Amino acid sequence: MKTRDMMSRHQGKTAGLVKLFLWIYSSFTFFMLVYMMYHSLRPRQDILSNTFGKPEKLSLDNYIKLIVKDHFFRYFGNSVMILAVSLALLVFISSITAYGIARYRFKGRKFLRVYFLVGLMFPIQLGIVPVFQIMKNLNLINHPLSVILVSAANISMPVFMLTDFFAGLPREIYEASLIDGAGEWMTFRKIMFPMASPIVFSVCITVSVQIWNQFFLPLIFLQKDVAKTVPLLVVKYTGKLINTMDLAMAVSTLSTIPILLLFLVFSQKILDGVTAGGVKG
Amino acid sequence: MIKKLRKKPYIWFLMPGLILYSVFIIYPIFAAGQLSLYYWNGIGEKVFVGFQNYIDLFTNKDLMSQMMNALRHSLTIFALTVCIAIPVQVTMAYMVYSKAKGGNYFQVAIFSPQFISTPVIVFIFTLIFDGNIGIVNKLMEVAGLGAYTRSWLGIPQYGIYIVWAMITWAGIGVGMMYFIGAMKMIGRDSLECAYMEGAGFWKRLWYIILPQIRMTILNLVLVSYIVSMTIFDFSYILGGTSGGINRNVDVMSLFFYRMAFGDTNPLGGNVSANSMGMGTAVACVLFLMIFMIALLQLLLVYRKEED
């Protein structure tokens, strides 16, 4: 308690100025979101020609149009599905890989550690042409699996973090479990994996943000409307603002606010998870 | 065979990850390297041309000027990030770390744009800087500066700075959290000691904290480099495939996309007869630029650790 007091006292005038700036900056972020929400309730002409004036009327018309006529929830469903499957696959694969590297002694173990790490220098964008050819041959263009497979293959960071964790677990736990008669797989699933849950949580947070917001992969692979994800729908409206200002407001709000509310509710947990990931990296 | 595998349980654990990762992350770069030696548009006949694509890329005036322009923009983003964003992130992290009033609120607010998808971020910037409905212009009018109002997003010279501002606003929280994490690893003793000795708030940051988080800073510099070389969404959404007016928001990744998938859309459109060959050649040049810097950094880090 004493150290806490010491750290927060005597920060000086500059620190006060910095804090003031941070207050303004932070509040501005939230202000913009509320501002967007407010405009999403106005008709298009009213937003465009009377932006700062008194609104003509406020209604949910834009949302109704968005959901009924433009199938917002189909896009939303696609996004959720891609996120859920990729995340499950990624967590499963990266934890068994990390466990395999950390638990067993075999030739090439060191090499594998480095091999899984170099992916950080292999951005998916640059290899997209060959990947596109593979997906075309597998007939997966316009199929969510194309995005899912590539997203779930990006396991460098998770494997790195989890390998460190599993390597740090005492060997006795593993041996005791084998003596108790659990097989290799059961030992992993029932004993080892649950112990890694804080790291897994941290991985889930960082990765799911990336997958949810990803733009490049869906843009390349999902060209038909039925397969598209939310960010692609947003672009459809923000591309020609003059014609679709109202819908752009509504879709931006609807795709942003629920996620942010989730974040606000669990913010402490989520931020701790992110911090944990950063320390490892 | 089965018996052998039974003796080596790790193979079962490693196989799925090894396959998926190798096929979709590692192999594509090498396949791109191979493709870059061909004249090919993805559909027709593949003709082996050796290094001709690279020679074309570096000797063709138009391609070269496009690439240099894109590279300059990417490096601008990188430089601004290192010179402005990273110091700001460290300062923000220090504020939260030292329990400044409202620290938790800052943390949440600064991190939250991370959860907003790129198109929405671009849209929010439109709401702020647009010529007709933008908040900035309105504020200027109210402040009596009506004569200086402009369509900020439409000024070519500012384009790349606006792209940088968007990237920074969206991503600044992640770096901040990493720095907070790194700061929490520092022993409290040295800080308390410094406090007793009379080191002020900023002196403690400069002399005690900064030296101990320099690895994190170095890592973040490398990450910013890779990001600025591969960032795509913002420029694409803001300026389309062609990279805006006079390619004012063009970046390396977008240049690559334009070469590989043509000027309009991934299928068809304005694709050249050698799209895949030239596209992969650009990808390989870009990859080498990333790989060499990353290698350099790794060597530096290893040297430091051995000392």
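The side chain of S146(A) has a polar atom that lies 3.5 Å from the backbone oxygen of L140(A).

Residues are numbered from 1 along each chain as its sequence is written, and chains are lettered from A in the order in which they are written. In this predicted model local features need pLDDT of at least 70, side-chain atom pairs count only at pLDDT 80 or more, and totals for chains, interfaces and linings use all residues, while side-chain values use heavy atoms, with hydrogens and water left out.

## Two residues of chain A

S146(A) belongs to helix α8 (residues 144–153) of chain A; helices here are DSSP runs of H or I with at least four residues, numbered from the N terminus. With a relative accessible area of 0%, S146(A) is buried. Buried stands for under 20% relative accessible area, exposed for over 50%, and partly exposed for values in between, with a 1.4 Å probe and protein chains only. Leaving aside neighbours within four places in sequence, S146(A) is in contact with M135(A), L140(A), F221(A) and L222(A), contact being heavy atoms within 4.5 Å.

R103(A) lies in helix α5 (residues 72–103) of chain A. Its relative accessibility is 6%, and R103(A) therefore counts as buried. Residues up to four places away in sequence not being counted, R103(A) touches R171(A), Y174(A) and M192(A). Of these, R171(A) is 68 residues from R103(A) in sequence, and the two C-alpha atoms are 8.4 Å apart in space.

## The interface of chain A and chain B

The size of an interface is often given as the accessible area lost when the parts come together. Between chain A and chain B the buried area is about 9,100 Å², and carbon and sulfur atoms give 80% of this area. The term denotes the accessible area (1.4 Å probe) that two parts lose on being put together, summed over both. In terms of residues, 102 of chain A are in contact with 96 of chain B.

Eight residue pairs in polar contact are found across this interface, both residues being at pLDDT 80 or more. A polar contact is a pair of N or O atoms within 3.5 Å; within protein, one must be able to donate a hydrogen and the other to accept it, and residues adjacent in sequence count only if both atoms are side-chain atoms. Helix α2 (residues 12–39) of chain A provides the largest share of the side of chain A that touches chain B, namely 17 residues. By class, that side has 68 nonpolar, 29 polar and five charged residues. Nonpolar covers Ala, Val, Leu, Ile, Met, Phe, Trp, Tyr, Cys and Pro; charged covers Asp, Glu, Lys and Arg; the others, Gly among them, are polar.

## Aromatic rings

Over all chains, the whole structure has 54 aromatic pairs. Rings of Phe, Tyr and Trp (its six-membered ring) pair if their centres lie within 6.5 Å; planes under 30 degrees apart count as stacked, over 60 as edge-to-face and the rest as tilted. F132(A) and F261(B) form an edge-to-face pair, with 5.7 Å from centre to centre and 75° between the planes. This pair joins two chains, because F132(A) lies in helix α7 (residues 128–137) of chain A and F261(B) in helix α13 (residues 252–261) of chain B. F132(A) is buried at 3% relative accessibility, and F261(B) is buried at 1%.

Helix α13(B) is mostly covered, 10 of its 10 residues being buried. After α13(B) comes G262(B), whose phi is positive, near 85°. Elsewhere, ring pairs link a cluster whose members include W185(A), Y10(B) and F13(B).

## Salt bridges

Side chains of opposite charge can pair when their charged atoms come close. The structure holds six salt bridges over all chains, a salt bridge being a side-chain nitrogen of Lys or Arg within 4 Å of a carboxyl oxygen of Asp or Glu. Across the interface of chain A and chain B, zero are found. The table gives examples.

| Salt bridge | N to O distance |
|---|---|
| R113(A) and D164(A) | 2.9 Å |
| R171(A) and E175(A) | 3.1 Å |
| D225(A) and K228(A) | 3.4 Å |

R113(A) in helix α6 (residues 109–117) and D164(A) in helix α9 (residues 156–168) of chain A are 51 residues apart, and their pair links distant parts of the chain. R113(A) is partly exposed at 34%, as is D164(A) at 30%. R171(A) and E175(A) are four residues apart in helix α10 (residues 171–179) of chain A, so about one helical turn separates them.
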